[in-house]
Every structure is written in structure tokens, then in C-alpha cells.
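Dear colleague,

I am passing on the structure below, together with some notes on how its parts pack, and I would be glad if you could read the notes with the coordinates open beside you.

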Amino acid sequence: MANHASSKKRIRRNAKRADINGARRNRIRTCIKKVELALKEGSAENAQTALKSAQPEIMRGVAKGIFHKNTASRKISRLSSRIQKLKVSA
């Protein structure tokens with residue numbers, strides 16, 4: 001257990017931020033799952049709409065330090081390419 005007041009405050013702050021960051025990470029994962037579900041169903045239009053709403057959420061996670069920017073860019077790029085492949089095949 002921490003002895004200094006600043007250490008105790010830091011522990012409280014870290015726990016609060018962990019909850020906030022966890023919630024944000026879950027929200028981003030849910031957005032990605034919605035895109036993947038639409039891709040699995042074969043609906044390029046729904047997947048495109050889901051990606052359009054997921055993209056700002058993912059980049060907000062980058063701004064908040066949840067994900068590295070290259071990780072976010074890679075995820076968006078791979079989802080976009082899967083949507084394009086689905087459009088071409090349809």
C-alpha cells in the first residue's frame with residue numbers, strides 16, 4: 001500500500017482511468033465486430049456504414065492513447081480492403 005498522499009491519489013486516478021480506457025476499448029471492439037458481422041452476412045453497404053461509424057471511434061482511441069496509430073490504421077485498412085473485395089465480387 002502506498003504511504004504518500006500523492007501515491008494514494010495516483011492509485012485512485014489510475015484505477016479510474018483504467019475503467020474509462022477499458023470501456024473505450026470495448027466500444028471500439030464492438031464497432032469492429034459490427035463491421036465484421038456485416039461482412040460475414042455479405043452486405044457491403046451495411047459494412048461500409050458500420051466502418052464509417054467505427055473509423056472515428058478507432059481514431060479517437062488513438063488520440064486517447066488506447067491504440068497505437070499504426071495499429072488503428074492497419075485495422076481500418078484491412079476492413080476497408082475486405083469491403084472493397086466484397087463489392088467487387090458482388
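**Helix 1 and its buried residues**

In helix 1, the buried residues are Gly22, Arg24, Ile28, Cys31, Ile32, Val35, Ala38 and Leu39. Please keep in mind that this is a predicted model. The partners against which these buried residues of helix 1 pack are helix 2, covering 44–63, and helix 3. Helix 1 itself is made of 37 residues, and from its first C-alpha to its last it reaches 54 Å, which is close to the 54 Å expected at 1.5 Å a residue. Just after helix 1 comes Gly42, whose phi is positive, at about 90 degrees.

**Helix 1 with helix 2**

The axes of helix 1 and helix 2 lie 9 Å apart, and the two helices pack at an angle of about 160 degrees. Since angles over 145 degrees count as roughly antiparallel, helix 1 and helix 2 are therefore roughly antiparallel to each other. The crossing in which helix 1 passes helix 2 is left-handed. On the side of helix 1, the contact is made by Arg24, Arg27, Ile28, Cys31, Ile32, Lys34, Val35, Ala38 and Leu39, while helix 2 contributes Asn46, Ala47, Ala50, Leu51, Ala54, Glu57, Ile58, Arg60 and Gly61. Sorted by class, the contact of helix 1 with helix 2 holds 11 nonpolar, two polar and five charged residues.

Glu57 counts as buried, because its relative accessibility is 12% and the cut-off for buried is under 20%. Leaving aside residues up to four places away in sequence, Glu57 touches Arg24, Arg27, Ile28 and Cys31. Between Glu57 and Ala47 there are 15 Å in space, C-alpha to C-alpha, and the two are 10 residues apart in sequence.

**Helix 2 with helix 3**

Helix 2 and helix 3 have axes that come within 10 Å and cross at roughly 175 degrees, and that makes helix 2 roughly antiparallel to helix 3. From helix 2, the contact draws on Ala44, Ala47, Gln48, Leu51, Gln55, Ile58, Met59 and Val62, and from helix 3 on Lys69, Ala72, Ile76, Leu79, Ser80, Ile83, Leu86 and Lys87. The residues of this contact of helix 2 with helix 3 divide into 11 nonpolar, three polar and two charged.

Helix 2 also carries Glu45, which is exposed because its relative accessible area is 65%, where exposed means over 50%. Glu45 and Lys75 are 19 Å apart in space, C-alpha to C-alpha, and 30 residues apart in sequence.

**Helix 1 with helix 3**

Helix 1 (residues 5–41) packs with helix 3 (residues 69–89) at an angle of about 20 degrees, and their axes are 11 Å apart. Angles under 35 degrees count as roughly parallel, and helix 1 and helix 3 are therefore roughly parallel to each other. Helix 1 passes helix 3, too, in a left-handed crossing. Here Ile32, Val35, Glu36 and Leu39 of helix 1 meet Lys75, Leu79, Arg82, Ile83 and Leu86 of helix 3, and by class the contact of helix 1 with helix 3 has six nonpolar residues, three charged residues and no polar ones.

How values were computed:
Residues numbered from 1 in each chain as written. Predicted model: local features only at pLDDT ≥ 70, side-chain atom pairs only at ≥ 80, totals over all residues. Heavy atoms only, no water. Axes fitted to C-alpha atoms, helices over the stretch in contact; angles between N-to-C directions. Helix = DSSP H or I, 4+ residues; strand = E, 2+ residues; numbered from the N terminus. Parallel < 35°, antiparallel > 145°, perpendicular 65-115°, else oblique. Left-handed = near helix turned anticlockwise from the far one by under 90°. Contact = heavy atoms within 4.5 Å. Nonpolar A, V, L, I, M, F, W, Y, C, P; charged D, E, K, R; others polar. Expected span 1.5 Å × (residues − 1). Buried < 20%, exposed > 50% of the residue type's maximum accessible area, 1.4 Å probe, protein only.
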